[in-house]
Amino acid sequence: MKESTKMLIHYVTGFLILVTGAIHLISNNLVSLKWIKETVWYPMSLGIFLAAVLYHSMNGLRVILVELFPGSSSGKIISTTLFIIGVVFFISGLYFLLVLFKWW
Amino acid sequence: MSRKENKQGILGWLKIRGYSIEKLMYVAQRISGVGIIVFLLSHILNVGLIYATTGILWEPPGLIGKSVLIILGIIVVFHTFNGIRLVLAEYGFIVGKPERAVYPYKMTSLSGAQRLALYLVLAAFIVLLYFWIMVALNLLGW
Amino acid sequence: MSELRKVQFKVFRFNPSIDTSPKWKIYEVEVDRGSTVLDALLKIKEEQDPSLAVRYSCRQAICGSCGMMINGKQRLACFTRVLELNTRVVVVEPLNNYPIVRDLITDFSDLFNKEKMVKPYIIRDDTLEMLNPTGMYLQKPEELLEYLQFADCIECGLCSSACPTYSTDSLFLTPMILNKAFRFSADSRDMGLHHRLPIIDSEHGCWRCHFAVACSSVCPKGIDPAKSIQLLKRMIASASIFKLVKKKETQLVSRHHAVESVV
């Protein structure tokens, strides 16, 4: 993937996190808006939040590590490792979500 | 790194003296980002594992845990607002147009819309910080 | 003649081929209102210590050879007045993040190699015209303004030295080179952005800039490299993701016609 595409996704996921993360926080902390958690859309928004936040954080880490350890092979190692970590966290997080909302 | 290379390493990231406030924001964005990642990954594992093993839904923990969450909230708000400014800047919306360099030089990326956005970020941050402290004091039961 | 004042200079001394570690030497120099740091260093060299190595050429901020760290910030020695620094001790070091040749002299060859990589010249598709030029390309004043500011670069390397990314990432293209890449890509006569993309849109290309604006806060010529890098990102994003490439059409005026119209 081109670097410009990676960074565009980084910014798009940033905005997705802003929306879905706000839903996550508001529905958890404001009593009057607790009903959001009962709807079908809440787990979906949480799933999007999980994916977006994992991409955003793993790409952010990649950027920092790539700048710390420059080199073509180290770049590949960093990207692959972080991709695997991200996927593992996404699958486990998704599994917890499905269990949590009794969809499993 | 040998002395001859004269590379500053991470100290170069953290050096703020002599540069503009944007450099400080860059450092803060990085540190806050790493802090959020640490929380995020532990949060996913924590909530999921506790629920999967014991069937209890995660509750914000005691006083120390709550204080951590409160500080995290401040960091997230900062990272969000500054991130919006950075996206606008990096896609060239607020850094100004090319113009003739006439002495005394004025850098449009260090003034004008970008600076205004930076002050807005700081102002919004301070306002939200105030509300957040109110919420936090309430949470801590003061 | 304005009054003379004594100022202490703490100068970094290091010869990598002999010394194992750098040492600091303190010199006292009399300066007046107009003395620049370069004047003072040359005075030290003439009167106190001929072994001090300084690189300079024009003494008027045009050649860009005397960049150094003065009181911890990247500045041109010839463009910085001693008394305006307003400190009792002036600390002079070689520029950060470049290999040291000797004392205050740093090696820019890394930058110049990277500069070659981004093809800092106008690239055109009409090869026949390039080989046998028949005229000249017209450029409107507003098209000139698109890149004029960034063409003022004197390649003093202060911006790249100040760049936080370059302090750890030695492969990063650095502000000076990215500014160069934008200056040519933004030129209305140039058609070479897609030739430069493999380099500037790479892992260590322009996206490793995170807008710390350290480059613009040290630039002595008003280039504003931070601005040109962000505009370069905008150009790349619209070209390589949204496929929005402005069709560049430059009018070729034949030489005879051009001469006639001038005469």
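The buried residues of helix H1 of chain A are covered by elements that include helix H2 (41-68) of chain A, H3 of chain B and helix H11 (225-240) of chain C. This is a predicted model: local features need pLDDT of at least 70, side-chain atom pairs count only at pLDDT 80 or more, and totals for chains, interfaces and linings use all residues. Residues are numbered from 1 along each chain as its sequence is written, while chains are lettered from A and ligands numbered from 1 in the order in which they are written.

**Helix H1 of chain A**

- Helices (H or I, at least four residues) and strands (E, at least two) are DSSP runs, numbered from the N terminus.
- H1(A) covers residues 3-29, 27 residues in total. Its first and last C-alpha atoms are 38 Å apart, close to the 39 Å expected at 1.5 Å a residue. That expected span is 1.5 Å times one less than the number of residues.
- A residue is buried if 20 or more other C-beta atoms lie within 10 Å of its own, exposed if 12 or fewer, and partly exposed in between, with C-beta atoms placed from the backbone.
- The buried residues of H1(A) are A:Glu3, A:Ser4, A:Met7, A:Thr13, A:Gly14, A:Ile17 and A:Thr20.

**Contacts of chain B**

- Two residues are in contact if their C-beta atoms, placed from the backbone, lie within 7 Å.
- Towards chain A, chain B gives 13 residues and chain A gives 14 residues. On the chain B side, H2 and H3 each give two or more residues. H2(B) gives the most, with ten residues.
- That side of chain B divides into eight nonpolar, four polar and one charged. Ala, Val, Leu, Ile, Met, Phe, Trp, Tyr, Cys and Pro count as nonpolar, Asp, Glu, Lys and Arg as charged, and the others, Gly among them, as polar.
- Towards chain C, the contact takes 33 residues from chain B and 39 residues from chain C. Helices H1 (10-14), H2 (21-54) and H3 (63-90) of chain B each supply at least two residues of the chain B side. By class, this side has 13 nonpolar, ten polar and ten charged residues.

**Chain C overall**

- Chain C has twelve helices and nine strands. Its C-alpha trace spans about 60 × 50 × 30 Å along its principal axes.
- Of the 263 residues in chain C, 45% are buried.
- Among its contacts between residues at least 6 apart in sequence, 67% join residues at least 24 apart.
- The domain assignment gives domain 1 (5-106) and domain 2 (109-240). Such bounds come from an automatic or database domain assignment.
- The C-alpha centres of domain 1 and domain 2 of chain C lie 30 Å apart. Their contact takes 13 residues from domain 1 and eleven residues from domain 2. E4(C) provides the largest share of the domain 1 side, three residues. The residues of that side divide into seven nonpolar, five polar and one charged.

**The five-stranded sheet of chain C**

- The sheet is open and mixed in its pairing, with the order E2-E1-E5-E3-E4. Two strands pair if DSSP finds at least two bridges between them. Strand E2 (23-31) and strand E4 (73-76) are the edges, each pairing on one side only.
- Neighbouring strands are turned by 35° against each other on average, direction ignored. Axes are lines fitted to C-alpha atoms, for helices over the stretch in contact, and angles run from 0 to 180 degrees between N-to-C directions.
- Helix H1 (residues 37-47) of chain C lies across E1, E2, E3 and E5, at about 105° to E2(C).
- Strand E3 (residues 67-70) pairs antiparallel with strand E5 (residues 89-93) over two bridges. C:Met69 stands opposite C:Glu93, and C:Ile70 has C:Val92 as its bridge partner.
- E3(C) also pairs antiparallel with E4(C), over four bridges. Here the partner of C:Met69 is C:Gln74. These two strands form a hairpin with two residues between them, where C:Asn71 in the turn has a positive phi of about 50°.
- Both faces of E3(C) are covered: C:Gly67 and C:Met69 are buried on one side, C:Met68 and C:Ile70 on the other.

**Backbone details**

- A cis peptide bond joins B:Tyr103 and B:Pro104, with omega about -5°. B:Pro104 is in the loop between H3 and helix H4 (112-140) of chain B.
- C:Arg59, not a glycine, has a positive phi of about 65°. C:Arg59 is in the loop between H1 and E3 of chain C and is partly exposed, with 17 other C-beta atoms within 10 Å.
- C:Asn97, also not a glycine, has a positive phi of about 70°. C:Asn97 is in the loop between E5 and strand E6 (100-102) of chain C and is buried, with 25 other C-beta atoms within 10 Å.
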